[in-house]
Amino acid sequence: MLIRVIGFACTALLFAAWPVHADVLIKNVTLYDGTGAAAVPGANVLVKGNTIAAISTHAIDAGGAQVIDGSGKYLIPGLMDVHIHVRGGQGGSVMQGGQRVPTADFEAGLRALQGYLYLGVTSVYDSGNNPDFIFKLRANERAGEIVSPRIFAAGGTISVPGGYGAGLTALKIANWEQGKKDLIAKIEREKPDMLKLILDRQGLYANRAVPTMSEDIFHKVVQTADEMGVRTTVHVSMEWDADMAARSGVSAMAHPVLRAVVNDSYIKELADRKIPIATTMTVFSNIARVADDPSFFDNPLFKATLSEEEREKGKTSERQRYITSGMSGMFQLMIPYAKQNIKRLFDGGVILALGTDRTDGPTAHQELELLNQSGIGPFDCIKIATLNGAIYLGREKDLGSVETGKLADLVLLTADPADSVANFAAIDTVIKDGVVIDRGALDVPANRM
Ligand SMILES: [Zn+2]
């Protein structure tokens with residue numbers, strides 16, 4: 001086993017100290033449990049193994065547990081980003097022996113994952129990636145072989161030939177006879193946590209129209225996945241497509257509709273069906289912003305977790321690509337509608353879950369900022385960034401809140417998150433699966449400064 005670990009995580013990544021389970025008692029902390037309940041001052045939270053064993057405002061006997069003094073501090077559930085694409089794989093490809101193959105840079109992926117953990121994100125849902133890459137990382141994470149947030153993953157996305165997102169590793173369904181066989185084989189082989197379907201006709205500004213899945217096939221994919229016990233999420237950008245997906249029984253939305261003001265009927269439909277939405281304003285906001293002002297790559301959270309080279313790339317070649325492709329200009333037009341829609345979805349009772357559609361930890365904090373700018377208060381952002389993420393993944397029974405019996409994914413903050421969303425980054429301690437993460441040993445630039 002050890003040989004396998006070393007063989008895989010060959011270089012610098014091994015300096016992240018190996019986690020050791022010890023029981024932990026967090027004493028006298030102000031607790032936000034993530035359910036939307038008010039703050040509980042003077043709370044004691046006992047973690048035994050990987051589980052939250054007891055919560056009380058009365059003294060709890062520490063027994064042999066490690067005691068963390070929570071005085072003047074704030075405890076929230078670990079943050080969840082339910083729309084990411086782990087760096088190092090994504091939709092990229094490289095030429096290898098005269099053949100185009102999907103990229104799988106495990107070192108880049110592990111560094112990115114440790115950046116999430118460093119910034120308090122204890123669960124991520126990768127909503128489309130090279131299956132060989134992401135499911136290997138997921139297996140390593142679940143076996144405790146790498147220090148990483150919990151990884152939930154879709155693997156390759158599901159589209160149609162020539163459609164949006166129909167990259168190298170996508171399942172491209174041309175007809176249902178073959179598509180059904182391929183889908184069942186994919187689910188049996190990869191055991192995705194949640195499938196990602198693409199429903200996007202494009203045809204707006206710089207993006208020419210492309211074919212998309214028919215309602216009939218979309219419905220059959222969702223139904224087949226459901227019968228096999230697998231949740232589904234869908235990439236949509238227009239209300240009529242999102243509406244069709246909702247009526248077809250999709251479990252969750254990978255994006256809100258952001259390109260136009262949404263109708264009340266649509267908001268009501270999502271609220272009634274309890275279909276959660278990954279908020280994903282950051283992807284659009286960053287691509288819009290970077291054209292005029294790429295300086296956010298120099299903010300402290302980016303500096304702490306992204307290498308100089310990665311930040312430089314964001315400010316130069318990636319920026320240029322977003323400008324040239326017309327994406328920056330297009331997304332600049334969308335942002336006001338995005339913010340307006342997010343607030344209206346929130347007010348209409350739709351379950352919003354924090355998602356960024358990005359590849360790095362700092363963006364989860366940017367998403368909180370955008371939610372706040374949309375008119376959602378910092379207190380309400382706690383639930384959006386935690387329990388609602390678990391609901392999105394269908395994992396609310398064991399994740400997403402600080403409740404007895406749930407898995408111990410926790411973040412201890414030195415400033416009150418209900419006062420300001422910036423305080424979600426005032427991180428003192430991160431606990432994942434009952435293990436106190438040695439943040440000083442994670443492979444992030446902050447630890448090399
Ligand atoms: Zn995405």
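Student: In which sense do strand β7 and strand β8 pair?

Tutor: This is a predicted model, where local features need pLDDT of at least 70, side-chain atom pairs count only at pLDDT 80 or more, and totals for chains, interfaces and linings use all residues. Residues are numbered from 1 along each chain as its sequence is written, and side-chain values use heavy atoms, with hydrogens and water left out. Strands are DSSP runs of E with at least two residues, helices are runs of H or I with at least four, and both are numbered from the N terminus; two strands pair if DSSP finds at least two bridges between them. Strand β7 (residues 93–96) and strand β8 (residues 99–102) have four bridges, and their sense is antiparallel.

Student: Which residue in the hairpin of β7 and β8 takes a positive phi?

Tutor: S93 is opposite P102 in β8. Two residues lie between the strands of this hairpin, and the positive phi, near 55°, belongs to G97.

Student: Which strands stand at the edges of the open sheet of three strands?

Tutor: The strand order is β6-β9-β10, with parallel pairing. A strand with a single partner has one side left without a neighbour in the sheet, so the edges are β6 (79–84) and β10.

Student: What angle does the direction of helix α2 make with that of β9?

Tutor: Axes are lines fitted to C-alpha atoms, for helices over the stretch in contact, and angles run from 0 to 180 degrees between N-to-C directions. Contact means heavy atoms within 4.5 Å. Helix α2 (residues 106–118) packs on the sheet and touches β6, β9 and β10; its angle to β9 is about 135°.

Student: Which element gives the most to the lining of the second largest pocket?

Tutor: The elements that give two or more residues are α3 (131–142) and β10 (150–153). With three residues, the largest contribution is that of β10.
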